Amino acid sequence: MKILAVLLALIVGAVIGFLVGYRLRRKEEFEDKKRAEEEARLILERARREAETVVQEARIRAKEELFRKKEELEKELQRQREAQEQELRQKLRDLEKRATQINEKEKELSRREGELRSMAEDLRAKLSEVDKTREELARQREELQRLVEEEKKRLEEVAHLSEEEARNLLLSRVEEEVREEAARVLMRVEAETKEEAKRKAQEILSLAIARCAAEFVTEKTVSVVPLPSEEMKGRIIGREGRNIRAFEAATGVTVLIDDTPEVVVLSCFNPIRREIARLAMERLVADGRIHPARIEEVVKKVEEEMESTIKETGEKAAFDVGVYGLHPELIKLLGKLKFRTSYTQNVLQHSIEVAFICGVMAGELGLDVKKAKRAGLLHDIGKAVDFEQEGPHALIGADLARKYGEDEEIVNAIAAHHEDVPAQSVLAILVQAADAVSGARPGARRELLETYIKRLQELENIAHSFKGVQKAYAIQAGREVRVIVDSGKVSDEEAVLLARDIARKIEEEVKFPGVIKVTVIRETRAVEYAK
């Protein structure tokens, strides 16, 4: 019984302990759940406050971004407005310039109109004088007829001549007197005409020179690029010279790096390639990144910009001269002339100057001024490609002008301005004169007199070194050599070979720009005297 009581007591104690433990566990779970809910509420509250803070900050940043975008937009609009205002101001200046030119042309037209009125009055006065002279001649003719009748009667009475004999004698005497008088009048008129033509030509040339004041800048065959430091030379050369080789291959120029401090010299006969190389080198030096890939990229970009520059330069030259309707290819060739020189004279500036001089002279002579300016502007167009094609630049330019639809009169003026072909119009003579005036004016071209004379003598001495040559003359500033040979020693076939041999020897021994024409002249003269 005791054991059963003990077991019962143990069972009851265990049940009571289990119930007490279960209740304690439920109480702890309730308290834990309550604490978890409180913590969750606190976390949610903190998350809500943080979310509100983030939203507020986002709104502030959005407002700041909006204000910044608004300021940038206002600045961009201001910049565009200033650019448009600048463009409008430029157009206004251009219009004012055009208005000034139109006013000057109106004044010139008024002056010409006054001159024409004065010339018309002079012509009317001369016509009046001619009428008076005609009346005087009629009176003199009547008087002469009367004298002839009297002389005829006197001769018949005194000389006992027949009327036919007297008439013949009188007519022969009058004919001699009239012939002598006509010869004197003809000589006087011819002398006065030559003097007046010479004076008028000098007046026209002086007027053309005075009204054409062109700028002049000496050009060379090398370009010098300044460097910020001597260290830059090593970067231009590159490891084992790879940079300088890549630059020369991309541009086609020779890069000279010597002991001259902080400069690099670019040398090339082609002026356009030299200019491209100069601009590319300046950009590479300013950028500082110099390696073969970067060199090719910069050179390609500069070449594209150069194409645009050439076109704009040609268009500006045509606009300044007042020549319109040129073919786009001729515009490009004109732009290339900016980078071409002849005896240090810029060819584009020379062409513009020749165009103005041609226009002035054509206006004075009553010719087509626009056509004269067009021929003057295009007369040296062949020099844009004469280092790519064989032959004189005048004939090359004529072929280009004919190819791109220019008038035959202008084509002949271009071809004949160095007498490579005969001049077929007054326009060709004007272009020759204007070209000579522009090239010969003081300061236009720079060449030492000693060097010039030495080059001409060298050309003549080369011609004299061949057998059968009697005389040799270097003409047209050394552009042509005319050789006169002995017809007894040199045949027609040998004359052709002689011209070729002289030309080859000149190519080997003389340094010269452009083309030198060699003309061999052979003639046979038969002389006999009548005794």
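Buried here means under 20% relative accessible area, exposed over 50%, and partly exposed in between, with a 1.4 Å probe and protein chains only. Helices (H or I, at least four residues) and strands (E, at least two) are DSSP runs numbered from the N terminus. The model is a predicted one, in which local features need pLDDT of at least 70 and side-chain atom pairs count only at pLDDT 80 or more, whereas totals for chains, interfaces and linings use all residues. Residues are numbered from 1 along each chain as its sequence is written, and side-chain values use heavy atoms, with hydrogens and water left out.

Strand β8 has a parallel neighbour, β7 (residues 480-485), joined to β8 by five bridges; strands pair if DSSP finds at least two bridges between them. Ile521 of β8 is the bridge partner of Ile484.

The buried residues of α14 are Ala495, Leu498, Ala499, Ile502, Ala503 and Ile506. They lie on the same side of α14 because they cover an arc of only 130° around the axis, taken from the directions from the helix axis to the C-beta atoms. An α-helix has 3.6 residues a turn, so residues three or four places apart point the same way. The face turned away from the buried side of α14 carries the exposed residues Glu493, Val496, Glu507 and Glu508.

Two further residues deserve a visit. Arg274, in helix α5, counts as buried because its relative accessibility is 8%. Arg274 and Thr251 are 23 residues apart in sequence and 7.8 Å apart in space, C-alpha to C-alpha. Glu240, in the loop between α3 (231-237) and α4, has a positive phi of about 55° although it is not a glycine. Most residues other than glycine have a negative phi. Glu240 is exposed, with a relative accessible area of 71%.
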